[in-house]
Amino acid sequence: MLAVLFVGFAALLVVTSLMVVLHKNPVTSALFLVLAFCSLAGIYLLLKAEFLGMVQIVVYAGAIMVLFLFVIMYLNLQHDVETGVQIAVRRGIGWLVGALLLLVGATLLGAPAHGGSGWALGPANDELPGVEAGNVASIGRLLYSRYLFPFEITSILLLVAMIGVIVIARGRTRRPDESSRRASEGA
Amino acid sequence: MAALWSIPAVQSATWALVKVLIILHAMLGLVSYLIYAERKICGHIQARTGPNRVGPLGLLQPIADVLKLLFKEEFIPAEANKVIFHIAPILAVFPAIVTFAVIPMGPPPMFVVTDINVGLLLFLAMSSLGVYAITLGGWASNNKYALLGGLRSSAQMISYELAMGLSTIPVLLKSGTLSLVGIVERQAGWYQVGPTPLWLPNWGIFHWYLVLPFVIFLITAFAETNRAPFDLPEAEGELVAGFHTEYSSMKWALFFLGEYMNMIVISSIAVTLFFGGWHGPGLMFGAHGWLSEGPGWMGLVWYLLKLFVLMFFFIWVRWTFPRLRYDQLMGFGWKVLLPAAIVNVLIAAVWLFVRGGM
């Protein structure tokens, strides 16, 4: 049962990810990315990481992709076909990085995992094994003890980014009510 | 057949499917009569009678409405993005139906489809996906009013989602679980201060630090379901009909189905978080007058009663308050609701920590 579901979600993930890259219409690409995030959330659920799966949908599919869609709709890229040397160089870099990533992935998959041989590379150490992975309380305990420093650094980074956005939005317009409206829409 | 039935996975899957079918049809019926109720209540609020021609008291009106919608001609704008135009109304309905998988409508296991340990997060995830229907519907129509309505709604829903998520956190702190069944189970019995019961049910709303979260949740619920006074996406005075300007026939009806289903879902979550879910003071059962002693279906009755009260409140508010202006709406969300919700999380956390309830 689990294997069937895994193959289903994994196939959906691969197909939708390919469509993100290959589809010509940017809005459709973005929608396929939403589907890809949802199938990834399904795989998290199968790994008993329910919290991660749900947060994946809330944060990525529900919030970040909506903002992506906003931007794409404003830009109206639908009829633009990009050409030129820059694009060719960018494509070349893309192929190179992709090939490198594939190589790294293949090496990792081929390497013998801890306790097993090949293919199934587990986590380096199971800090939250089995059912515990979905337990919100234990995740919170880990975040606020062992990973407190990275956690706080990340939140400061986000705070700085947020203040930066507000400063940029304020700098361009003089009228205070106008700028606050822009800031609230951009957040 | 009997051999197949003896596998536990097959049994649970079959029961889940049966429950899904029942819930789907119950929701469809409930929504059509919710619209009837809305028109009736609206009529009486405005000193009219409301629909009263089709059937006794106009009770067959929903059926006539749906039949009319089914036979209407479907119109698709020439420059519309056809595929997304078709997908958007489906996206309006499916998050609401998915959320019903985790809502406890009575004591488990009979009246709950599934009890997962992140039930509340599933609700938040699905309500955040609800934005897509409106944004995409507005964009794919290739109509400026529809697009403006769609953009407004996404900004509105993203802003109010944060306050809604934060307003549920004090409930989580109190009950210590994200499972909706668990949250309801911790609201059983009488509200006690020390050993003496206060003769108040132990529902969330009767705890002082959960009153403000409930108010915030209710306000954000109006914004999330795009209903008055927050129905900016379809402000007909300025945007024709908003995001569904170009929709007709059953596709238009699907948007409405989605709106009313979301109303039912959000009211159910409010009942679950703040009004003790299926618990109710003794109608009939047991020495203590509490449901754990009575039959399970009484839980369903209590749940439905509370649900109907909240939905009446939704309709009442819609026909009472005028619509807010867009910048007022955004300012209220970011500058009032969000800070209030954050402060409330702090207050609840400190109170629970000091009292040693953690």
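What share of the contacts in chain A with a separation of 6 or more comes from residues 24 or more positions apart? I looked this up and found 42%. I took two residues as in contact if their C-beta atoms, placed from the backbone, lie within 7 Å.

I noted the ground rules. The model is predicted: local features need pLDDT of at least 70, side-chain atom pairs count only at pLDDT 80 or more, and totals for chains, interfaces and linings use all residues. Residues are numbered from 1 along each chain as its sequence is written, while chains are lettered from A and ligands numbered from 1 in the order in which they are written.

**Chain A.** I found seven helices and zero strands. Along the sequence the pattern reads α-α-α-α-α-α-α. Helices (H or I, at least four residues) and strands (E, at least two) are DSSP runs, numbered from the N terminus. Of the 187 residues of chain A, 14% are buried. Buried means 20 or more other C-beta atoms within 10 Å of the residue's own, exposed 12 or fewer, partly exposed in between, with C-beta atoms placed from the backbone.

**Contact between the chains.** I found 18 residues from chain A and 20 residues from chain B. On the chain B side, H5 (119-140), H6 (144-175) and H12 (326-355) each give two or more residues. H5(B) has the largest share, nine residues.

**B:Asn117.** I placed this residue in the loop between H4 (82-99) and H5 of chain B. B:Asn117 counts as partly exposed because it has 19 C-beta neighbours inside 10 Å. I also checked B:Leu180, 63 residues apart from B:Asn117 along the chain. Their C-alpha atoms are separated by 7.9 Å.
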